[in-house]
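Have a look at the structure below. We'll go through some of the terms used for it, one question at a time.

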Amino acid sequence: MSARRIFARPARFAAIAPYVWMVLFFLVPFGFVAKISLSQTAIAQPPYLPVFELTQGLAAIKAAFAALSLDNFKLLVTDDLYVLSYLRSLVVAAVSTSILLLSGYPIAYGMARLPRRWQGVAMMLVIVPFWTSFLIRIYAWINILQHDGLLNKILLALHLISTPVVWLSTDSAMYLGIVYSYLPFMILPLYATLAKMDPALLEAASDLGSSPLRAFWLVTFPLSLPGVGAGVLLCFIPIVGEFVIPDLLAGSDSLMVGQTLWLEFFTNKDWPVASAAAVLLLALLLAPLLLYDRLQRHQLEGAR
Amino acid sequence: MVSATSKISRFNVASLALGLGFLYLPIVILVIYSFNASRLVTVWGGWSLVWYREFFHDEAMIEAAWMSFRVAASSATIATLLGTLAAVALSRGERFKGRTLFSGMLYAPLVMPEVITGLSLLLLFVALDAERGFWTVTIAHTTLTMCFVAVVVQSRLGSLDRSLEEAAMDLGCDPARAFVAVTLPLILPAIIAGWMLAFTLSLDDLVIASFTTGPGSATLPIRIYSEVRLGVKPEINAICTMVIGLIAVVIVVASFASKLSSAQGESAAPL
């Protein structure tokens, strides 16, 4: 016990370097986003006003403060384009997370039921795509889904369709891409809780006269809820802000908020509105982020 | 562990096979078509290496690949250093001031939408008047990937038997020495796996790099993305196949490392 306490002191010093790094490059930048979200667009370098110049004295800084306004936020909550993109993001994230849960659960369950030595192999097989580039995996789907791609060719050859179907630039293609990309994020936490479960519990349920389906619903599923929670958050939060997948696979008539932000920043060069969009997105995700933080803390530090 | 109820059912096998098939089929098709001789991506014209030759004559692409490689190697190295320190502080440091904020800052980037992280870092770099290019991307990737390293190493540290460290100290080692002599060798596989994960994440990233890089220093994903937007090109298939090959090598090394790690105790999933 005392040895443990002696160890704790130098270990605390280990926090200094990563702490300073994260404050400087993770926390402080949000301050800049908040500040610029209150500024106005300008044709200048950098493209926003006012710019705080600490060298110009107190009066100039006061004037700069007075020039800050909530106009960008007013624009975001009143303009249909932005409101719809926030709504669309939430709907897309909710729908894809539901599909992911429904398709990921049976896979994770199957993995947990494999003989021990095969479980490691199966886990490796699920992790490998997670390590492989997002962009490349989306590109692989473009290959398959394009007008004269493999999918249309197979369907034509089987006489299931008579003319090629447009798959690319549709919502179905986008959902397919999202489910494909995020599936490992759903499977792994589910598998982690399912593999830890004691099979004796299910035996007890069946000894007491439960049908397998009932036993699953009353015993397995409730016990796997921590994994369900982790998987859902791990998918839902990043999907709300997703840019690459809707940009490459969905049509351009309705945008997700990640795309709007990208468009404002790179195409319209409107940094203040892009920043305000980021602040709103963050506000929207704050509750699930805090929940995820609690879960992660519980999982990694719960033993103590 | 084996009992009547834990037997694997046909439904289990089917969902596993379907799931894994779904995950791998597109990648396999992509790799096969990279060896297609035909210019039309969808028509099979026999086996050929012509698109690989094309890549090696595409100077802009090679430059981007080299840039990505340098960024990935440097950011992964810094991230491994910082992430390991963070993991040690969190799992051995007991309570310290601002600990909740610290772990919050480390866990949030794991799920934070990349557009937010990218935009906020860019605004910082602009405010600091930093020249955008290699270093800004490297710093941005380090910030993201050190969190993944921290989680991987922390879960390994959590499963470690602490009586080993205590025994070393009871035998007269000071804490620093006990750490280097006992703990570090035990968590080394997790540290190596963490480096590999950081490397592949950096090699993969499009969004954060797009925000934080400057003119004339595009990374490989940025180049691939601008080509893909124009449509499917067989040369891109070849490049993607080479990236997949590189990542496969990295994974084999990492899984070898984690095998070593699990031989010494419970294995830690890289998430």
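Q: Is the crossing of α4(A) and α15(A) left-handed or right-handed?
A: The crossing of α4(A) and α15(A) is right-handed. That word is used if the near helix is turned clockwise from the far one by less than a right angle, and left-handed if anticlockwise. Bear in mind that this is a predicted model, where local features need pLDDT of at least 70, side-chain atom pairs count only at pLDDT 80 or more, and totals for chains, interfaces and linings use all residues. Residues are numbered from 1 along each chain as its sequence is written, with chains lettered from A and ligands numbered from 1 in the order in which they are written.

Q: Why is α4(A) called roughly perpendicular to α15(A)?
A: The axes of helix α4 (residues 71-78) and helix α15 (residues 271-301), both of chain A, cross at roughly 65° and come within 9 Å. Angles of 65 to 115 degrees count as roughly perpendicular, so α4(A) gets that label relative to α15(A).

Q: Which residues of α4(A) meet α15(A)?
A: N72(A), F73(A), L75(A) and L76(A) do, and they meet P272(A), V273(A), A276(A), A277(A) and L280(A). Contact means C-beta atoms, placed from the backbone, within 7 Å.

Q: What classes of residue make up the contact of α4(A) with α15(A)?
A: Eight are nonpolar, one is polar and none is charged.

Q: How many residues of chain A are in contact with chain B?
A: 88 residues of chain A are in contact with 80 of chain B. Helix α2 (residues 16-37) of chain A gives the most to chain A's side, with 14 residues.

Notes: Contact = placed C-beta atoms within 7 Å. Helix = DSSP H or I, 4+ residues; strand = E, 2+ residues; numbered from the N terminus. Axes fitted to C-alpha atoms, helices over the stretch in contact; angles between N-to-C directions. Parallel < 35°, antiparallel > 145°, perpendicular 65-115°, else oblique. Nonpolar A, V, L, I, M, F, W, Y, C, P; charged D, E, K, R; others polar.
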